[in-house]
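Hello,

Here is the structure I promised to pass on to you. Please have a look at it first, and then read on for what I found.

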Amino acid sequence: MLNSSAYARIGVKLMVQGICVDKNNSLVYFRLSLMMFLQFAIWGAWAVLIAGHMQNLKFTGKEISYVFGTTAIGAMISPLIAGWIADRFMPAQVFTAFSHFFGGILLIVAWKQTSFPAMFLAICVYAVLYMPTIALTNAISFHHMGDSEKFGNIRVWGALGWIAVNWVMSLYLRFWEVRVPEQSHIGDCLLAAAVVSILMGFYCLSLPNTPPAKEAKNPYAFLDAISLTKNRNFAVLLIISFIVAIELPFYYNLTFLFLTEQQHGIGLPASTANWAMSLGQIAEVLIMILLLPSIRKLGMRTTIFLGILAWPVRYAIFAIGQPVWLVIASQSLHGLCYAFFFVGGMIAVERLSPVDIRSSAQSLLVFATNGIGMLVGHFVSGRVHEFFKLEDGGHTWAKIFLVPIAVTVIASIAFILMFSEKRYQEDSAAIQQTTDATT
């Protein structure tokens with residue numbers, strides 16, 4: 001789910017060529033890769049399973065969506081924390097360690113909660129601490145790896161960390177499903193995340209020093225990139241990305257509930273459902289190989305269009321609900337959705353932005369999607385989930401998934417009609433010429 005455009009470009013090289021590092025820097029690369037592995041293993045441990053835990057606690061659909069919405073709140077506040085407090089007052093690795101230490105404590109507190117207000121408060125404060133560490137671990141990597149073009153070699157370990165912890169949690173839940181089937185241990189995902197978070201806190205203290213910047217940057221400098229909306233293709237991409245982000249919580253928040261619901265869902269055990277959802281991250285890593293060839297052969301317009309279109313296909317399979325193997329296999333479409341749409345969009349933003357505001361342009365895109373777009377999506381998905389609840393406690397899932405189908409189909413049609421491939425090629429070529437002339 002929070003990556004840079006460098007991951008998009010270099011991830012392909014990683015898959016094709018393998019990880020190639022200077023022997024003198026091999027230890028540094030290993031340490032940074034382990035940092036990324038732990039960073040996203042924390043999030044992966046609880047991000048999927050907490051939905052089932054909250055449902056067991058009898059939270060309403062709205063309440064579940066509000067808890068998930070805390071990550072969007074954290075993403076919106078993140079630039080202020082990571083871009084000002086950490087940059088000005090303390091080394092990045094120290095602030096990151098502090099965040100993970102206290103974040104681990106908050107996750108333990110959340111693990112003990114059974115009421116919505118207490119759970120929401122604990123996770124909300126935790127999200128405000130965790131989300132800035134994503135930017136800070138990126139900054140630590142860029143500061144020490146020497147060659148920024150190899151960032152993808154390090155960042156890919158974040159996806160692998162997410163996958164690994166999901167498989168471990170699936171095995172853990174399967175053990176208890178067999179031994180004590182009448183007792184749910186799904187809430188232990190928060191405890192597992194807490195353990196990894198505290199471990200990450202200790203590990204951060206061992207990382208090489210990353211001192212604060214001499215001059216603090218404007219934490220909301222990305223607002224400078226709003227001027228780029230004068231370019232029609234940039235404006236179309238930004239708006240469509242925002243709209244598509246609204247449907248994302250229907251996947252992140254509700255898929256696990258859909259897969260495990262016995263009455264009207266698929267009825268899978270929690271361990272199997274958790275494993276099934278990890279197929280999306282596996283596909284994300286593998287599909288990256290096809291991204292650049294697709295952009296070169298099909299064009300940016302068609303590539304992004306296919307990425308959007310993969311969502312309604314997946315939701316349509318969910319709505320049909322049969323056969324079960326196809327529902328499980330459709331999780332892999334997440335990789336196509338993410339790689340072709342989001343990462344493809346990041347590449348498009350970079351190529352449409354002058355070099356001096358490229359970072360701001362990328363931050364604006366993330367703010368519009370992971371921040372505002374996701375926040376709106378959490379509220380919408382929660383209300384839709386609650387609206388289609390049945391008297392027996394189940395849900396009319398086909399009707400629930402019609403909402404994201406409609407959103408993504410409309411978004412795909414609007415994008416293919418308004419985004420001009422010819423104009424994109426001309427604008428990106430002109431910007432590249434300007435960049436080459438000034439470097």
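Gln-93 lies in helix H6 (residues 92-112); helices here are DSSP runs of H or I of at least four residues, numbered from the N terminus. With a relative accessible area of 6%, Gln-93 is buried, where buried means under 20% relative accessible area, exposed means over 50% and partly exposed is in between (1.4 Å probe, protein chains only). Beyond its neighbours within four places in sequence, Gln-93 is in contact (heavy atoms within 4.5 Å) with Ile-140, Cys-204, Leu-207, Pro-208, Asn-209 and Thr-210.

Before I go on, a word on the source: this is a predicted model, in which local features need pLDDT of at least 70 and side-chain atom pairs count only at pLDDT 80 or more, while totals for chains, interfaces and linings use all residues. Residues are numbered from 1 along each chain as its sequence is written, and side-chain values use heavy atoms, with hydrogens and water left out.

One of the partners of Gln-93, Cys-204, is itself buried, at a relative accessible area of 0%. Cys-337 is buried too, also with a value of 0%. The structure holds 0 disulfides, a disulfide being a pair of cysteine sulfur atoms within 2.5 Å.

Ala-122 sits in helix H7 (residues 116-144) and counts as buried because its relative accessibility is 6%. Setting aside neighbours within four places in sequence, Ala-122 touches Leu-106, Val-109 and Ala-110. Ala-110 is 12 residues from Ala-122 in sequence, and their C-alpha atoms are 5.5 Å apart.

Now to two helix pairs. Helix H10 (residues 232-252) and helix H18 (residues 397-418) pack at an angle of about 170°, with axes 9 Å apart; axes are lines fitted to C-alpha atoms, for helices over the stretch in contact, and angles run from 0 to 180 degrees between N-to-C directions. That makes H10 roughly antiparallel to H18 (angles under 35 degrees count as roughly parallel, over 145 as roughly antiparallel, 65 to 115 as roughly perpendicular and the rest as oblique). Among the residues making this contact are Val-236, Ile-240 and Phe-250 of H10 and Phe-401, Val-407 and Phe-415 of H18. By class, the contact has 16 nonpolar, 2 polar and 2 charged residues; Ala, Val, Leu, Ile, Met, Phe, Trp, Tyr, Cys and Pro count as nonpolar, Asp, Glu, Lys and Arg as charged, and the others, Gly among them, as polar.

The axes of H13 (residues 279-298) and H14 (residues 300-320) come within 6 Å and cross at roughly 130°, which means that H13 is oblique to H14. Leu-291, Ser-294, Ile-295 and Leu-298 of H13 meet Met-300, Thr-302, Thr-303 and Leu-306 of H14, and these residues divide into 5 nonpolar, 3 polar and no charged. H13 also has a kink of about 40° centred on Ile-287, the bend at a residue being the angle between axes fitted to the seven residues ending there and the seven starting there. Just after H13, Gly-299 takes a positive phi of about 95°.

Finally, two backbone details. Most residues other than glycine have a negative phi, and most peptide bonds are trans. Lys-58, not a glycine, has a positive phi of about 70°; Lys-58 is in the loop between H3 (50-56) and H4 (61-68) and is exposed, at 70% relative accessibility. The peptide bond from Gln-322 to Pro-323 is cis, with omega near -10°, and Pro-323 lies in the loop between H14 and H15 (324-329).

Best wishes
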